[in-house]
Amino acid sequence: MSPKRRKSPSAGTLLSATLLLISSVIAPACGGGQGSASDPSRQIAAANQRLLGTWMLVDFQPDVPLEPMLAQLLSMQRGHLTAQLDGGRLVATGMGVQATRTYRIDEASGMGDRFKMTLFDETGVSYDAWGDFQGDVIRFQSVTPPWQGSGTLKRVASQSGL
C-alpha cells in the first residue's frame, strides 16, 4: 500500500483546508460534567459537544501567500462559508461550495477548551489543526501543508429567535 501523495493546492484542497479550519475553530459553550476533569475521554467529549452546531468562517491567514485564484476563492468565503458539525461529520456551505467531510477530535484539554482535530477530505487525505474556544469563537491553527495558517470561526446564532 503506497502512502497518499499530497497534490498541489487546488480549489478542492482549499475547501478542505477551509473546512478543517472551520471545524477546528468551531467553538463555544456547554456546561460542566462529572468525573475527573483530566480524563482524556471526557475532555474529548466536551470538545465534541462544544463543536456541535453551525460555524462561520470569519478569517483565515495562510502562513505562505496563496496563488491569486485561491486567494480570491478564500476571500469570497470569509463571512459566508458555514460548517455544520454533528460529532464526526462536517457539512460546509459557501459561495459555490457544498461539501461533506468527516472529522475526529484527537486530543483536548481544559474540559475541551483546546483541542486537536483531524479532518479527512474525500480522498482520505488528512489535515490537522489545533483550536481554542474563546466565547462564541474558535481560534485555530492549521498545521498540515500546504494549508498552514491561522483563522477564526464564529458560532452562528440559532434561527429560533430565542
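Which residue in E8 is the bridge partner of Leu57? The views below show a predicted model, in which local features need pLDDT of at least 70, side-chain atom pairs count only at pLDDT 80 or more, and totals for chains, interfaces and linings use all residues. Residues are numbered from 1 along each chain as its sequence is written, and side-chain values use heavy atoms, with hydrogens and water left out.

**View 1. Strands E1 and E8.** The bridge partner of Leu57 in E8 is Leu153. Strand E1 (residues 53-62) and strand E8 (residues 149-155) run antiparallel and are joined by seven bridges. Strands are DSSP runs of E, at least two residues, and helices are runs of H or I, at least four, numbered from the N terminus. Two strands pair if DSSP finds at least two bridges between them.

**View 2. The barrel.** Eight strands, in the order E1-E2-E3-E4-E5-E6-E7-E8, close into a barrel with antiparallel pairing. From one strand to the next, the twist averages 35 degrees.

**View 3. Helix H3.** Helix H3 (residues 68-77) lies across E1, strand E3 (89-94) and E4. Its direction runs at about 140 degrees to E1; axes are lines fitted to C-alpha atoms, for helices over the stretch in contact (heavy atoms within 4.5 Å), and angles run from 0 to 180 degrees between N-to-C directions.

**View 4. The largest nonpolar core.** This core has 27 residues, of which Leu51, Leu85, Phe115 and Ile138 touch the most other members. E4 gives the most to the core, with four residues. A nonpolar core is a set of buried (under 20% relative accessible area, 1.4 Å probe, protein chains only) Ala, Val, Leu, Ile, Met, Phe, Trp, Tyr and Cys residues joined through side-chain atoms within 4.5 Å.

Methods: Buried < 20%, exposed > 50% of the residue type's maximum accessible area, 1.4 Å probe, protein only.
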